[in-house]
Every structure is written in C-alpha cells, then in structure tokens.
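Trainee: Please take a close look at the surroundings of the ligand and describe them for me.

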Amino acid sequence: MTRTYVITGAASGIGAATAALLAGQGHRVIGVDLHDADITADLTTHEGRAALVSHVTELSGGRIDAVVANAGLATESTATVAVNYFGALATLEGLRPLLSGSDAPRAVATASMASLFPVDDELVDACLAHDEPAALHRAQQLIDAGQGGLIYGSTKRALVRWIRRNAATPEWAGAGIPLNAVAPGIIRTPMTDSFTATEESSKAILEMVPMPLNGIAEPAVVANLLGYLTSVENSHLCGQIVFVDGGSDVVIRGDSTF
Ligand SMILES: NC(=O)c1ccc[n+]([C@@H]2O[C@H](COP(=O)([O-])OP(=O)(O)OC[C@H]3O[C@@H](n4cnc5c(N)ncnc54)[C@H](O)[C@@H]3O)[C@@H](O)[C@H]2O)c1
C-alpha cells in the first residue's frame with residue numbers, strides 16, 4: 001500500500017535517510033527543508049510554518065498518512081528553540097487535520113538522548129506554556145550568560161514532555177493517531193561533523209554520550225525506527241520516547257526509570 005509521508009529536515013542526515021528509505025519502499029515522500037526539498041520553508045518563522053501547512057495541503061490534495069517532525073538545529077541560538085520545539089509542534093499540530101483521511105495515520109518527532117542532559121527549567125516551562133517570545137528571550141539570556149549549552153537539551157526535554165502530555169488525548173490517541181518520538185544517541189550526520197570527524201573527538205563525545213552498543217550510528221539506523229513508528233504495523237505505541245542510542249539512556253538513567 002502506497003502511503004504519503006511528510007518529513008521535515010528531509011534534505012540532510014536522518015531526514016534524508018528516512019526519505020530515501022520510504023521512497024525506496026514505494027511510498028510518496030513530501031520533503032520539507034530550508035533548501036533542496038519539495039517544500040522550502042523556514043520552520044523558525046510563522047510564515048514558514050503556515051507555508052508548510054498550505055503547501056502540504058496543496059501537494060497532497062489534503063490527505064496524508066504520516067508526519068515525521070524531524071528538522072532541528074543544535075547550535076547555541078534562539079533559532080534552535082524556534083525550530084526544535086515550536087517548529088516541531090507547528091508541524092505536528094498543523095498537519096494533524098490532514099491525517100484524518102488516512103486509514104492508518106501516524107506521527108513521530110525526532111527528539112534526542114540530550115533530553116536526559118541537565119536543562120534550564122525556565123526555558124522548558126516557557127516552551128510548554130507555548131510562549132515562544134518568552135522562550136526565545138530566555139534562550140538569549142542563557143547565551144548572554146555563557147550557558148547556551150543548556151538550550152539544545154532543554155528544547156528536546158520540552159518536546160518529549162509535550163509528546164507524553166498529548167499522545168493520549170482525544171486529538172491524537174482518540175483520533176487513532178499513534179504519537180511518539182525517537183531519541184537518538186550520536187548519529188553520523190552534518191549536525192555532528194565536528195564531534196565525529198576524528199578518533200579523538202569521537203572518543204570525547206562518547207564520554208559524554210556513552211554508546212556501549214555499537215558506538216556512533218549511521219542515519220539509516222534511526223530511519224528504520226522512524227519507518228516502523230510511522231508504519232501501518234505500529235498501531236499501539238502511544239507517547240513512547242524510543243531511545244536509539246547504543247545504550248546511553250541505560251547507562252545514564254540506570255534504575256531510575258523502572
Ligand atoms: N545527529 C545526531 O547525533 C542527532 C542526535 C539526536 C537527535 N538528532 C536530531 O535529529 C534531527 C535531524 O538532525 P540530523 O542529525 O539529521 O542533522 P542535519 O543537520 O543533517 O539535518 C537537519 C535538517 O534540518 C533542517 N533544518 C534546520 N533548521 C530548519 C528550519 N528552520 N526550517 C526547516 N528545516 C530546517 C536542516 O536544513 C537540515 O537539512 C534533529 O532534530 C536533531 O536534533 C540528531
């Protein structure tokens with residue numbers, strides 16, 4: 001059965017690998033990115049988010065089967081907050097109505113194992129309050145205070161909390177839409193080039209993100225999981241944050257989850 005998938009961040013890394021996997025299986029993929037995509041949209045802006053919804057509606061005829069909210073940034077910037085959290089939500093919520101015509105609608109976001117890192121609570125709370133100006137302001141304060149390193153993990157913590165809070169609601173579970181997230185460890189993509197370029201830098205990053213099972217992964221590893229989570233077969237995973245991280249979650253959290 002041919003399905004229609006929307007993937008943000010489709011021009012590179014995990015998004016490109018997912019697009020290639022699904023297209024290779026004969027599905028229709030509508031790729032969204034800043035460049036080299038079916039839809040060019042900047043998900044840090046209200047205009048870009050509106051353009052995403054209107055262009056997907058146009059290209060799909062108003063009916064899609066799955067959304068992969070994957071676009072992201074890992075820089076110490078306000079844009080990281082705008083795309084990783086508010087852009088992801090705009091993608092999931094903006095495209096949800098188009099899933100209603102599907103027999104097997106699915107939605108997934110790309111979070112990160114960095115959601116386990118220390119966060120800035122004020123930034124996480126501003127995201128979850130859906131107050132984008134306050135969140136961007138807080139991110140700028142963190143940058144000015146030399147604490148910009150907290151931004152990325154905070155956006156991903158807020159994103160996984162939002163997924164957990166919303167997955168079982170009438171809008172998602174009640175509408176038959178499994179809503180989940182993946183939480184990758186270190187994946188070899190342009191985002192992590194500077195960490196994975198040399199043996200020395202790889203060793204240093206693996207001390208922060210321990211991956212005892214097979215180490216740094218290729219994007220196809222995450223693509224396969226995204227493919228499953230958005231497949232017809234995934235009928236019952238609800239609000240799960242699936243760590244595909246070579247073991248960093250197990251090492252970092254140990255017994256604290258169960
Ligand atoms: N690579 C890793 O180790 C890793 C680990 C955990 C999570 N992630 C997450 O995986 C996702 C994909 O990252 P990747 O590693 O493939 O990186 P990547 O840089 O290869 O790809 C990210 C894509 O998102 C697009 N993007 C960025 N800002 C955008 C915007 N404002 N509007 C539209 N598109 C935008 C980029 O143009 C790029 O094509 C991100 O959400 C990232 O946070 C990556």
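Mentor: A nitrogen atom of the ligand lies 2.9 Å from an N or O atom in the side chain of Asp42, which makes a polar contact (a pair of N or O atoms within 3.5 Å). This is a predicted model, in which local features need pLDDT of at least 70 and side-chain atom pairs count only at pLDDT 80 or more, while totals for chains, interfaces and linings use all residues. Residues are numbered from 1 along each chain as its sequence is written, and side-chain values use heavy atoms, with hydrogens and water left out.

A polar backbone atom of Ile187 is 2.7 Å from an oxygen atom of the ligand, and a backbone N or O atom of Gly185 is 3.3 Å from an oxygen atom of the ligand. On its own the ligand has 820 Å² of accessible area (Shrake-Rupley method, 1.4 Å probe), and the protein covers 94% of that area.

Around the ligand there are 29 residues (each with a heavy atom within 4 Å of it). The closest are Ser12, Asp33, Tyr152, Ile187 and Thr189. By class, this shell has 14 nonpolar, 12 polar and three charged residues; Gly counts as polar, and Asp, Glu, Lys and Arg count as charged.

The ligand sits in the largest pocket. A pocket is an open set of points on a 1 Å grid where a 1.4 Å probe fits, with protein on both sides within 12 Å along at least five of seven lines; sitting in it means that more than half of the molecule's atoms lie within 2 Å of its grid points. The elements giving two or more residues to the shell are α1 (13-24) and α6 (151-166), helices being DSSP runs (H or I) of at least four residues, numbered from the N terminus.

Terms used:
A polar contact is a pair of N or O atoms within 3.5 Å; within protein, one must be able to donate a hydrogen and the other to accept it, and residues adjacent in sequence count only if both atoms are side-chain atoms. On a 1 Å grid over the protein atoms alone, a cavity is a set of points where a 1.4 Å probe fits but cannot get out, and a pocket is an open set with protein on both sides within 12 Å along at least five of seven lines; lining residues have an atom within 4 Å of a point.
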